[in-house]
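Let's take a walk through this chain together. Have a look at it first, then read on.

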Amino acid sequence: INSSNSPQISLQFRECFSRLMDFKRKFIEAARNYFSLACDSLLDEKDRQKYLFNSCCCAILAKAGIQRSRIISTLCKDERSKEYPFYNVLQAMNSERLVGKSNIQDFVDSLKIHQKALLADGSTVLDEALMLHNLYAAR
């Protein structure tokens, strides 16, 4: 499917795929794909910044584990990530420190509507991600 000769069509495909992974709550895959777009030299800086922002959001929302640790480490090394108001959350997760609800308000404000959705147990995706992260960090 992704064998188009047109770079513009390929970029559109990659963007749509990233968004689809985001909406399906496959946040690690979405973060990776958004980061790939954020590093694409064919895009202008504004679009690359938007994709990096989306990659950071998805990485924070992903379930704790090795894959999430790798993408968060990569995002923390990217100088552009330091501009975001929730960079401290990324750093805490990268350092495997506990993250409290009081530290994430800037991040909550930046989430999209589908990322704030309630789960069956009444919690949000962020609540679950923080709980799993904190359990992982406390080990």
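## A first stop: R32

At 40% relative accessibility, R32 counts as partly exposed, a label for residues between buried (under 20% relative accessible area) and exposed (over 50%), worked out with a 1.4 Å probe and protein chains only. You'll find R32 in helix 2 (residues 27-38). Helices here are DSSP runs of H or I with at least four residues, strands are runs of E with at least two, and both are numbered from the N terminus.

Leaving aside residues up to four places away in sequence, R32 touches Q67 and I71, where contact means heavy atoms within 4.5 Å. R32 and S55 are 23 residues apart along the chain, yet their C-alpha atoms are separated by 6.8 Å.

## What you're looking at

A quick word on ground rules: this is a predicted model, in which local features need pLDDT of at least 70 and side-chain atom pairs count only at pLDDT 80 or more, while totals for chains, interfaces and linings use all residues. Residues are numbered from 1 along each chain as its sequence is written, and side-chain values use heavy atoms, with hydrogens and water left out.

## The whole chain

How many helices and strands does the chain have? The count is 7 helices and 0 strands, so the pattern along the sequence reads α-α-α-α-α-α-α. Along the principal axes, the C-alpha atoms fill a box of roughly 50 × 35 × 25 Å.

Of the 139 residues, 45% count as buried. Among contacts between residues at least 6 apart in sequence, 58% join residues at least 24 apart.

Now find helix 3 (residues 45-61) and helix 4 (residues 66-77): their axes come within 10 Å and cross at roughly 145°. These axes are lines fitted to C-alpha atoms over the stretch in contact, and angles run from 0 to 180 degrees between N-to-C directions. Which residues make the contact? Helix 3 brings L52, S55, C56, A59 and I60, and helix 4 brings R68, I71, I72 and L75. They divide into 7 nonpolar, 1 polar and 1 charged. For that tally, Ala, Val, Leu, Ile, Met, Phe, Trp, Tyr, Cys and Pro count as nonpolar, Asp, Glu, Lys and Arg as charged, and the others, Gly among them, as polar.

Helix 3 also holds F53. At 22% relative accessibility, F53 counts as partly exposed. Not counting residues up to four places away in sequence, F53 touches Y84, F86 and S110.

## Helix 5 and its cover

Is Y87 of helix 5 (residues 87-94) buried or exposed? Y87 is buried, and so are V89, L90, A92 and M93 of that helix. Their cover includes helix 3, helix 4 and helix 7 (125-138).

Most residues other than glycine have a negative phi. E96, though not a glycine, has a positive phi of about 55°. E96 sits in the loop between helix 5 and helix 6 (105-110), and is partly exposed with a relative accessible area of 33%.

R25 has a positive phi too, near 65°. Look for R25 in the loop between helix 1 (7-23) and helix 2; at 39% relative accessibility, R25 counts as partly exposed.
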